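Biologist: I am new to reading protein models. Could you take me through one, feature by feature?

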Amino acid sequence: MYVCGPTVYSNSHVGHMVGPVIFDTIKRYLVYLGYEVTWVVNITDVDDKLIVQAQKDGTTVKDLAERVTDDYLRCLEALGVDGIDHMPKATEHIAEIVAMTQGLIDKGFAYPSGGDVYFDVTRAPEYGKLSHRDPEELQAGARIEPSSIKRHPGDFALWKGSKPGEPAWESPWGPGRPGWHIECSAMSMKILGEHFDIHGGGLDLVFPHHENEVVQSESFSGKPFATYWLHNGLLTKSGKKISKSDPGTVILMGDLLQKHDPDTLRCLFLASHYRRPIDYGPGRLDELARGLQAFHGLFDRFERLTGESFHALDAPKHKADGRADSPIPDVGELRDRFLEAMDDDFNTGGAFGELYELVRALNRFADSHKLESATDPGSLAAFRSGVVVLKELSQILGLFRHPRARADSAQDKLTAPLLDLLVQLRTRVRKEKNFALADDIRKSLAELGVTLEDRPDGTSWKLD
RNA sequence: GGCGCCGUAGCCAAGUGGUAAGGCAGAGGUCUGCAAAACCUCCAUCGGCGGUUCGAAUCCGCCCGGCGCCUCCA
């Protein structure tokens, strides 16, 4: 599986993470089903944009690329995108790119011109098949800049001759750098072979990038390139596409990660089908976070009842190891429905809905069996097995990998013991039926962001 | 102008031929000393108009509205 990664000239915005999270989930699911998946995401670290930006910043292309790549990797890690097997860089594959370019010239699909090398789209009758475009009509669009060194306006550069001061590598056509599309063909071919199963990327890459990848790859190898093309919908902000070339729309991923839980952000991308556009509007993330509370409520409940942490649970990693049946009503069926949704073109939105139903089924079971007050080992074990199913399915979506980070500093040594102490005192007050004082304590704590929950088996506190 | 996508409750969203998942918000209820949490119940006929069909949100046509690509873009 090959997914187009970023051109690293400026830090990642939210939109850049849609694809990685979606394809991370797709890989998780394929692995869950028992497939072996090798996932490649490229880093394009040389290109006109980088040259311009580096000059603006007064730095080198190399430094800029490294800095932006680091930001990208940090975002991936924060979001739990950990299934990428290879991240090849264009600058480390110049030899392959040159060889492929030469091969295309030898086969008559490309021609050198003025220090550049262009792919000749008229030599590939199938050009346009991916994006349903007719090369002749591309001319009619007239938005392609005319160039005297190109034979056909639709021809695209495989190799660009360099001007003095620009990053350059030696080649049979003089010093230069790769064109934009060739690195993906060269690197996917090197790592995955001439033909592979899945190629992904944003919807905005269909043309010209993927179209060009297909022609140059198939012209070179004579074999079909990717079997399946998956294009994820784009992120919009108030209806407008988020794009680096439209600075008003850019929302930096790094900024969002400061304020929001990674699970919330994953849900933003997974709550709807991957092909649909996702609109990022005000309050959207808060809304999702409120919804996620139900899960955390169940995790807390599970921990109170069993002493085990949901996050430490060991759940089946493969479908074959999971259990289809459950002593708890609906659990087996909900698991089936979750998997059916995923089987249907990775319908994460539908699958996500089943997860909520599963939470409700588990709470319903815990309520009806009075798990808080009874000590029936059988019921507790059944509850636990149901929670394991929840964990099994959550893992597929890459959710709830870690306990939620508290927004405050509850981790300090004093807060928890002090709150415990207050709760103890309040419990005594309540026993004495001094509800006015007990309610005062609860109200004051609420103002500090501490919520108290009185249960049959005691009182617990939680921080917002 | 060409290619393509979308329009489901106040908001987000699944469903693509058999009488509408789920989430947020809202209303009522159970539990509770009161709350919180949890659970239960309620809240849409699917942009509009025609057509096909025993039957359509789901298929076809037209119209209205929004968006993307055709130029760098995840």
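**Reading the model step by step**

Modeller: Start with the contact between two domains. Domain 1 and domain 2 bury about 1200 Å² between them, and 68% of that area is on carbon and sulfur atoms. Keep in mind that this is a predicted model.

Biologist: Which residues of domain 1 lose the most area to domain 2?

Modeller: Thr25, Tyr29 and Tyr32 do, and together they account for 58% of what the domain 1 side buries.

Biologist: How many salt bridges and how many polar contacts are counted between domain 1 and domain 2?

Modeller: The salt bridge count between the two domains is zero. For polar contact, the count is seven residue pairs, with both residues at pLDDT 80 or more.

Biologist: Now the whole chain. How many helices and strands does chain A have?

Modeller: Chain A has 15 helices and 13 strands. Its C-alpha atoms fill a box of roughly 90 × 50 × 35 Å along the principal axes. Of its 464 residues, 49% are buried. Now look at contacts between residues at least 6 apart in sequence: 74% of them join residues at least 24 apart.

Biologist: How should I read a salt bridge?

Modeller: Begin with the general idea. Side chains of opposite charge can pair when their charged atoms come close. This structure holds 35 salt bridges. Take Asp48 and Lys160, whose closest N and O atoms are 2.9 Å apart. Asp48 is in helix H2 (residues 48–57) and Lys160 is in strand S5 (residues 156–161), so the pair links parts of the chain 112 residues apart.

Biologist: What about a salt bridge within one helix?

Modeller: Look at Glu357 and Arg360, with their closest N and O atoms 3.9 Å apart. They are three residues apart in helix H12 (residues 348–368), so about one helical turn separates them. Glu357 is partly exposed at 31%, whereas Arg360 is exposed at 52%.

Biologist: Which elements does the salt bridge between Asp454 and Arg442 link?

Modeller: First the distance: the closest N and O atoms of Asp454 and Arg442 are 3.6 Å apart. Asp454 has 30% relative accessibility and is partly exposed. Arg442 is partly exposed as well, at 34%. Salt bridges can also share partners: Asp48, Lys160, Lys163, Glu166 and Arg177 are joined into one network.

Biologist: Now a single residue. Where is Ser221 found, and what is it in contact with?

Modeller: Ser221 is in helix H7, residues 206–221. Ser221 counts as buried because its relative accessible area is 16%, and the cut-off is under 20%. A polar atom of its side chain lies 3.0 Å from the backbone nitrogen of Lys223. Leaving aside neighbours within four places in sequence, Ser221 is in contact with Met189 and Glu194.

Biologist: Which backbone features deserve a look?

Modeller: Check the peptide bond between Phe207 and Pro208: it is cis, with omega about 0°. Pro208 also lies in helix H7. Then check phi. Ser238 is not a glycine, yet its phi is positive, near 50°. Ser238 sits in the loop between strand S9 (235–237) and strand S10 (240–241), and it is exposed at 58% relative accessibility.

Biologist: Where does Asp330 lie?

Modeller: Asp330 lies in the loop between helix H10 (284–306) and helix H11 (331–343). Asp330 has a positive phi of about 80°, although it is not a glycine. Its relative accessibility is 38%, so Asp330 counts as partly exposed.

Terms used: Residues numbered from 1 in each chain as written. Chains lettered and ligands numbered in written order. Predicted model: local features only at pLDDT ≥ 70, side-chain atom pairs only at ≥ 80, totals over all residues. Heavy atoms only, no water. Buried area = accessible area lost by both parts, 1.4 Å probe. Salt bridge = Lys/Arg side-chain N within 4 Å of Asp/Glu carboxyl O. Polar contact = N/O pair within 3.5 Å; in protein donor to acceptor, adjacent residues only side chain to side chain. Helix = DSSP H or I, 4+ residues; strand = E, 2+ residues; numbered from the N terminus. Buried < 20%, exposed > 50% of the residue type's maximum accessible area, 1.4 Å probe, protein only. Contact = heavy atoms within 4.5 Å.
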